[in-house]
Amino acid sequence: MALKEYKVDVDELMAEKDVPGLIDALEHEDFIVRKEATRALKYVGDKRAEDALIKSLEYEEWHSKFSVLISVRANAAEALGNIESRKAVKPLILRLEDPDIEVRWKAAEALGRIGDYESLEPLIYALKDDDGDVRKQAARALGELENIEAVDPLILALEDIDWPVRKNAATALGKIGDERALKPLLKSLNDDDIDVRRHAIAALVKMKKHAVKPLLKKLYDPDWQTRAIAAEALGRIGSKKALKPLIKALSNNKMRDENRYVRGKAAEALGRIGDKSAVKYLEEALDEHYIFVRKRSQEALDLIELAPELNHFENDEFYFDFPHFWDIEEIYRMDKLVIGYWPGKTLKFSINRKSNAEDLTIKEFADIIVEVFHEQHHEKIFQSEFNVAGSRAIRIIGDNYKAHPYHRTIVTVFKKYSDLYYFWFKGKREDMEESSRYKRILLNSFQIK
């Protein structure tokens, strides 16, 4: 087919979901148009473009003279992963040896989405790639395959020099669930990086009963951070075998943990387990000197009181508790992660994320929300600070008296790493007030893995 010489508006083609037009643009003489066409097809996600995208993956030596063609191959790989193209498995495996790093890690990511056994050995080999991003995506993809043949290579990856690789290796081992990974994951609870430790917890939680006994031993580890992490993991597993050891860590006796953070995590875990035999000890902890322990103990008492009314939401990224009479729906979009409704849909909330927000502070984002509130005729606006997921958060409350019935909007903003998260609650004021303790439990239980 001859190279196209006409002008093309890729954004318009994407908006109209004109797949034939975008396929045509993949052979345009302007390489920028090709790049934009592959980018558009990532979002359109139509299998009619499968063959053309596979062709766009191809590499020839002359391509190295044009850096824009790197993006063509990388976008094509991502688009093929999004449509889970089985036909693309072999071409994507070839791209694991592409001269460009981005293409290699995009190919690994796509192979994970597709989940074909044929990619197992090439992805294991990619764990030895010179680039950390490629190794990271290879580890993640192996978790998606959930094949026990990847266990030993992933255990080795827990020692990788780059923490994102170790993090993804821990998550992958949790998905596979092989007992061989138990001791290495327990060792990862002492990793220098907190994010790796968090993902090791999540992996151990998935292994449930196999992890309880060794985690109980970790409650007596010399390192207080390891003890705190073990307490959190035991709480998330929910095993009643942990009740007495956690009570001992919290209570005012000779076995009480010397570290206030560990005591707070023990209280939090007791709340998650939900056994009423812990109530007496949690109530005693309300007189603790340290506010962190008092706060976690009160939250635990609230959880135990409401335990029959609560469900647990969890995915690979975060988790939280919510009342069973709320409707929760996970959304597969980069900005909006979850939406939920109060019965009758008179109250709606969403959990949102703004990625790569390094240059935006939570105060600056809160100021933007205040401006939005003004534009929406919210007459009373309040701001306060507290903590969510271990990070400083700002809450903005706005009342709109011009709405009938007048409603309240509450936005809570916090940052984790380079991402900015915000919870958006909106509904009738009486429903907002009635649901206040459930919103509080959602926010208190929300954790990024």
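The following conversation asks how the descriptions of this predicted model are reached.

Author: This is a predicted model, in which local features need pLDDT of at least 70 and side-chain atom pairs count only at pLDDT 80 or more, while totals for chains, interfaces and linings use all residues. Residues are numbered from 1 along each chain as its sequence is written, and side-chain values use heavy atoms, with hydrogens and water left out.

Reader: How many helices and strands does the chain have, and what counts as a helix or a strand?

Author: Helices are DSSP runs of H or I with at least four residues, and strands are runs of E with at least two, numbered from the N terminus. By that rule the chain has 22 helices and 10 strands.

Reader: What makes the radius of gyration of the chain agree with that of a compact globule?

Author: The radius is taken over C-alpha atoms, and the globule rule is 2.2 Å times the number of residues to the power 0.38. For 449 residues a compact globule would have a radius near 22 Å, and the chain has 25 Å, so the two agree. The C-alpha atoms fill a box of roughly 80 × 60 × 35 Å along the principal axes.

Reader: What percentage of the residues is buried, and how is that word defined?

Author: A residue is buried under 20% relative accessible area, exposed over 50%, and partly exposed in between, with a 1.4 Å probe and protein chains only. Buried residues make up 56% of the 449 residues in the chain. The accessible surface of the chain, computed by the Shrake-Rupley method with a 1.4 Å probe, comes to about 22,000 Å², and 49% of that surface belongs to carbon and sulfur atoms.

Reader: Why does Glu283 count as partly exposed?

Author: Glu283 has 44% relative accessibility, so it counts as partly exposed. Glu283 is in helix H18 (residues 279–285), and its C-alpha atom is separated by 15 Å from that of Ala269, 14 residues apart along the chain.

Reader: What makes H11 mostly covered?

Author: In H11, 11 of the 14 residues are buried, including Val165, Leu173 and Ile176. What covers these buried residues includes helix H9 (132–145), helix H10 (151–157), helix H12 (182–188) and helix H13 (194–207).

Reader: Why is Leu189 called buried, and which residues is it in contact with?

Author: Leu189 has 1% relative accessibility, so it counts as buried. Contact means heavy atoms within 4.5 Å, and, leaving aside neighbours within four places in sequence, Leu189 is in contact with Arg197, Ala200, Ile201, Leu204, Leu215, Lys218, Thr226 and Ile229. Leu189 is in the loop between H12 and H13.

Reader: Why is Tyr261 called partly exposed, and which residues does it touch?

Author: Tyr261 has a relative accessible area of 30%, so it is partly exposed. Tyr261 is found in helix H17 (residues 260–273) and touches Arg198, Trp224, Ala228 and Phe292, not counting residues up to four places away in sequence. The C-alpha atoms of Tyr261 and Ala228 are separated by 6.9 Å, although these residues are 33 apart along the chain.
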